[in-house]
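Work through the exercises below with the model open. Try each task before reading its solution.

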Amino acid sequence: KLLLQTQYSSDQILPQQRYRGVVDAFRRVVQEQGWASLWRGNSAALLRYFPNQALNFAFKDVYRDMFLPPSTSPRTRTHVLVGSVAAGAAGGATSLTLTHPLDVVRVRMGTDVGTDVATRRFVGVVQSLRVIAA
C-alpha cells in the first residue's frame, strides 16, 4: 500500500517501473526483494504501538485531573462529558507527538525499494532514525 501511494514521489522508482496495482506490486515486491520485504517497517510499527497506547492512557488520566479537578459541587453530565473528551483528545495528541518519529521510520522503511541491504537507504529502526535526524 505504501509503495503504491508514494511511487510517484519516489526517486527510486523510475516512471517505466511503476506498479500498476496491488497485485502487480505484491508480485513484484516478492519477486524482486523477497518475502521478508513485505514485513519491512513492521518492527517500527510495533515499537510505536505499545508506547503510544500506554502514553495515551497515562496522559488521559493526567489531563482528566486537569480538566475535571476534584470538586465539592455536583457536576453535570455535560461537564463530565466535555472534560472526558478533552482529556482523551489531549492525551492522544501528546502520545502521538512523542511516538510520531517511529511512524515516520515505519513509512520510510516500508517505501524503501532497494533490492538488498547495500541499495537500501533505511535498513533498521535505529539507523533510520539517525539518517532522518541528520
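## Exercise 1: Leucine 129

Leucine 129 touches Pro101, Leu102 and Val105, leaving out residues up to four places away in sequence. Contact here means heavy atoms within 4.5 Å. The model is predicted: local features need pLDDT of at least 70, side-chain atom pairs count only at pLDDT 80 or more, and totals for chains, interfaces and linings use all residues. Residues are numbered from 1 along each chain as its sequence is written, and side-chain values use heavy atoms, with hydrogens and water left out.

Task: state which helix holds leucine 129, and how exposed leucine 129 is.

Solution. 
1. Find the element. Leucine 129 sits in helix 5, residues 125-133. Helices are DSSP runs of H or I with at least four residues, numbered from the N terminus.
2. Classify the exposure. Leucine 129 is partly exposed because its relative accessibility is 32%. The classes are buried (under 20% relative accessible area), exposed (over 50%) and partly exposed in between, with a 1.4 Å probe and protein chains only.

## Exercise 2: Threonine 99

Task: say whether threonine 99 is buried or exposed, and find what its side chain reaches.

Solution. 
1. Locate threonine 99. It belongs to helix 4, residues 77-111.
2. Check the area. The relative accessible area is 4%, so threonine 99 is buried.
3. List the contacts. Beyond its neighbours within four places in sequence, threonine 99 meets Arg48, Pro51, Asn52 and Leu55.
4. Follow the side chain. It reaches the backbone oxygen of serine 95 at 2.9 Å.

## Exercise 3: Salt bridges

Task: find which residues are linked with Asp24 in a network of salt bridges.

Solution. 
1. Apply the rule. A salt bridge is a side-chain nitrogen of Lys or Arg within 4 Å of a carboxyl oxygen of Asp or Glu. The count comes to six salt bridges.
2. Take the pairs. Aspartate 24 bridges arginine 20 at 3.8 Å, N to O. Aspartate 24 also bridges arginine 27, at 2.8 Å.
3. Arginine 27 and aspartate 24 both lie in helix 2 (residues 22-33), three residues apart, about one turn of the helix.
4. Aspartate 24 is buried at 8% relative accessibility. Arginine 20 is exposed at 71%. Arginine 27 is partly exposed at 43%.
5. Name the network. Arg20, Asp24, Arg27 and Arg28 are linked by salt bridges.

Conventions
Helices (H or I, at least four residues) and strands (E, at least two) are DSSP runs, numbered from the N terminus. A polar contact is a pair of N or O atoms within 3.5 Å; within protein, one must be able to donate a hydrogen and the other to accept it, and residues adjacent in sequence count only if both atoms are side-chain atoms.
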